[in-house]
Structure formats: structure tokens, C-alpha cells
Amino acid sequence: MKKVLIICYICIITSLPVIAQDNNFHPGEIWNDVDGKPINAHGGGILYDRGNYYWFGEIKSGKTVRVEEDKAWENFRVNAGGISCYSSKDLVHWKFESIALKPEVTDSTSEIYTGKVIERPKVVYNAKTKQYVMWMHIDSRNYGYARAGVAVSKTPQGPYKYLGAVRPNDAMSRDMTVFKDADGRAYLISTSENNQTMHVNLLSDDYLKPTTTFTRILIGQNREAPAVIKHGSKYYLVTSLCSGWDPNAARYATADSLLGKWTVQGNPCVGADSATTFQSQSAYIIPVASTNKYIFVADRWKKTDLPDSRYIWLPLTFDGDKMKVEWKDSWHL
Ligand code: DGJ
């Protein structure tokens, strides 16, 4: 108590904000960074690099509008704000580092123009080129462009240089993730074929291009929001169904090799609200360094006010080879 009073006193006399972040995760609540500002990193991915975690995510701010031309589905959007980068040592307290990738604000022909879509950034480190490589979903305002974009940096926090976007092996690519395997190979896993089927693409040695080695997985199953880990000798892939910003039931699949064959296993979420993934959608799974623990990272989208979307971080556990995610109001590692 005495210690808390002393800290408050120091904060008052030095005019520092009093920060209320404890050591717990509070899924669904506003999560402030160490400067007391709400973390703005949606559809995120986490990189572990030399003792630090880096959280990359979509910057969502400003007014949410519905794209009127898209009558068939609820295309709610905010201007693409680029990609933020936060750092942390304990996964609870995050420091804003930078806007790792800035959107283009004037040239409307640019793929990263703020009037378009930049989503689901994932960063991996390439030991051969000593570059940090960011892959992300790049799209037009109506999501018809359907490409995977790539950017590079010499430091984890950027700034990242945007190199361009591709349709891997001439196929559409929307929601995506990147997975770096223990042998140094990296894979781009994305929703393709008009959201019907996923593709797993082996990336080139420098991680900058998809190679011609790819497989079609979860064929005709309408899955998106992929998140991958390797646990024991198996790969686990969590996905959602495609229902815009609205939540649905997650499902996971397992494989002995990233290129497949993938076998569907069911919903990893259990208990109340498991049919809506606790009102959220998968973004990433964090293997906690030097432990056998994992964190399920998801977004609780608020489609009519996207900047107020919240983060759902929950413990992901295994019972043998069965994956399980359970709701917790508050928890710590
Ligand atoms: C669901 C995707 O998972 C999100 O990343 C975003 O693209 C929305 N659809 C857009 O409606």
C-alpha cells in the first residue's frame, strides 16, 4: 500500500499518468499500453525476437462507414491506418514502438493507399538475409483485389519498406498468416478461391515470394482467419468460418506436414459462447518463450465502430493432442 502511494505521489509531482495495468490479461476490456493509451493493433501477429515480443496489428481509427456499393454483404470499414508495432517482455505490458508500415495518404493508385485494405500483418525474421519480413492482406475497398503484400525492415519495429503484393500462384489471397518452421522454411497460409479453400504456399528462401510449391487445403470449407502452431510433432491450424465481421465457431485441423494432409478436428473452444469463439475471431497463437504455454489471440470486432474492437487473449491448452480454449474473465500466465 505504502509503495502504491509513493508511486502515485511520484506520478503526481512529475505529471506522469497513473497506469492501472496489472499483471493480468482482461479479455474484451480496453487494453492500455504503458502510456495509458488503448492498444491499436487489430488482426495482429506476434514476433518473439531476442527476449522481446513485438505485436504488429492493423491501426483502426476514425469513423466506421459502410461501403454502399457492396449491397450483398456488410462491408463496414475504416481507412487503412497502416501497421502498428508494440513491444513487451511479459506479453501484458506493451510499449508503442512505431507505425511500422505507414499507409500512402495521397496516391490513390498505391496498393497501400489509406482508402484500401491492409489487414492481418504477420512478421518473421529471415536469418539468411537478416531482414524482418512482414506479410499482410492487401485489398481494394471492395475486397476484389485479394492479394498478399510483403514489406521488409532491418529492425523489428521498422520502418518497413513495402515491396508489393501478389496473387500466389495466380490464386486469390485474403485472410492470411505466415508460419516459420524449425528448419527455417516459411509458409504463407491464406484464404483463396473466393474464400472457399485455403492455400499453403512455401515461401522462397528470402521469404519474399511464394514458390510454386503449394497445396489446397480445407477444400470448399469456407474458412478464414488462420493461426498456426507446431505442438509436439503436429501442426495445428485454427480458422473461422467466413461471416464478415460477425463471429462464428472456430475449428482446428491437424497435420504432420504444413503442406498437408490436414484433418479437421472440431471446435477448440469449450463452454458458454464457444459457438461464437467467445464473440471473436482468431488472429494468432503465441507460443510463450521457454514454456510449453500458448495464448490464443483473437479479435472481438465491433463492426459499426471498428476502432473500438477488443482483443480476446486466452490460454490455449492441450489435453493429449486435443486443443482447448476456455473463457476466463481475467487470468495470468
Ligand atoms: C473477416 C476477416 O477475417 C477480417 O480480417 C476482415 O477482412 C473482415 N472479414 C472484413 O469484413
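This is a predicted model: local features need pLDDT of at least 70, side-chain atom pairs count only at pLDDT 80 or more; totals for chains, interfaces and linings use all residues.
Which strand gives the most to the lining of the second largest cavity?

Residues are numbered from 1 along each chain as its sequence is written, and side-chain values use heavy atoms, with hydrogens and water left out.

Strand S9 covers residues 147–153, and six of its seven residues are buried. Buried means under 20% relative accessible area, exposed over 50%, and partly exposed in between, with a 1.4 Å probe and protein chains only. Strands here are DSSP runs of E, at least two residues, numbered from the N terminus. S9 pairs in the antiparallel sense with strand S8, residues 131–139, over seven bridges; pairing requires at least two DSSP bridges. Ser-153 in S9 is the bridge partner of Tyr-132. S9 also pairs with strand S10, residues 161–166, antiparallel over five bridges, and there Ala-151 stands opposite Tyr-162.

Now the open spaces. On a 1 Å grid over the protein atoms alone, a pocket is an open set of points with protein on both sides within 12 Å along at least five of seven lines, a cavity is a set where a 1.4 Å probe fits but cannot get out, and lining residues have an atom within 4 Å of a point. Volume is the space filled by probe spheres set on the points, which are joined across faces, edges and corners.

The largest pocket holds about 610 Å³. Its lining has 24 residues, and those closest to the centre are Tyr-48, Phe-179, Lys-180, Tyr-284 and Pro-287. The second largest pocket holds about 340 Å³. Of its 15 lining residues, Trp-73, Tyr-143, Asn-195, Glu-224 and Gly-244 are the closest to the centre.

The largest has a volume of about 120 Å³, with 17 lining residues, among them Lys-60 and Val-78. S7 supplies the largest share of that lining, three residues.

The second largest cavity has a volume of about 40 Å³. Back to the opening question: strand S17 gives the most to its lining, with three residues. S17 runs over 251–255, and strand S16, 234–241, also gives two or more residues. Leu-218, Gln-221 and Arg-223 are among the other lining residues.

Last, Ser-290 lies in the loop between S20 and S21. Ser-290 counts as exposed because its relative accessibility is 82%.

Notes. Helices (H or I, at least four residues) and strands (E, at least two) are DSSP runs, numbered from the N terminus.
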